Amino acid sequence: MRSQNTPFEGGPMDGRVLPVLLGPTGHPPKTYRIPLPDPDGGPPTVLVYHRVPRGHSRRLGLVQGWKYRYDPDDTSGGRLRWPWSKPRAAPSGKPGDANG
């Protein structure tokens, strides 16, 4: 498999360049998740980065490369989103609280 040196922007990985494996289309994944272990033995913290274009060509507007931008508010949870999937239900009130 091929890899490409991809820069990271924002968050704890700001300014670093890591080799990222490319998919069958020659692009890096849309989302890059980096799990950080908790020093106290709790659940790991996951840093989420989303792929954005690094630049565009002048004439045709083609993407010149990719970079990853930090997204501290990501709520996707790593699930695949299919067009026929139901949206996640938002938590409504306290557990055991009856609506009505």
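Visitor: How many bridges join strand 3 to strand 4?

Guide: This is a predicted model, in which local features need pLDDT of at least 70 and side-chain atom pairs count only at pLDDT 80 or more, while totals for chains, interfaces and linings use all residues. Residues are numbered from 1 along each chain as its sequence is written, and side-chain values use heavy atoms, with hydrogens and water left out. A strand is a DSSP run of E with at least two residues, numbered from the N terminus, and two strands pair if DSSP finds at least two bridges between them. Strand 3 (residues 31-36) and strand 4 (residues 45-56) run antiparallel, and the number of bridges joining them is six.

Visitor: Which residue of strand 5 stands opposite R51?

Guide: Strand 4 also runs antiparallel to strand 5 (residues 63-70), and seven bridges join the two. In strand 5, the residue that stands opposite R51 is Y68.

Visitor: Which residue takes a positive phi in the hairpin of strand 4 and strand 5?

Guide: This hairpin has six residues between the strands. The residue with a positive phi, near 75 degrees, is G61.

Visitor: Is Y68 buried or exposed?

Guide: Buried means under 20% relative accessible area, exposed means over 50%, and partly exposed lies in between (1.4 Å probe, protein chains only). Y32, at 22%, therefore counts as partly exposed. The relative accessible area of Y68 is 0%, so Y68 is buried.

Visitor: Why is the pair of Y32 and Y68 called tilted?

Guide: Rings of Phe, Tyr and Trp (its six-membered ring) pair if their centres lie within 6.5 Å; planes under 30 degrees apart count as stacked, over 60 as edge-to-face and the rest as tilted. The structure holds five aromatic pairs. In one of them, the ring centres of Y32 and Y68 are 5.4 Å apart and their planes stand at 40 degrees, so the pair is tilted. This pair links distant parts of the chain, with Y32 in strand 3 and, 36 residues apart, Y68 in strand 5.

Visitor: With which side chain does the side chain of K67 make a polar contact?

Guide: K67 has its place in strand 5 and is buried, because its relative accessible area is 17%. A polar contact is a pair of N or O atoms within 3.5 Å; within protein, one must be able to donate a hydrogen and the other to accept it, and residues adjacent in sequence count only if both atoms are side-chain atoms. At 3.0 Å, the polar contact of the K67 side chain is with the side chain of E9.

Notes. Helix = DSSP H or I, 4+ residues; strand = E, 2+ residues; numbered from the N terminus.
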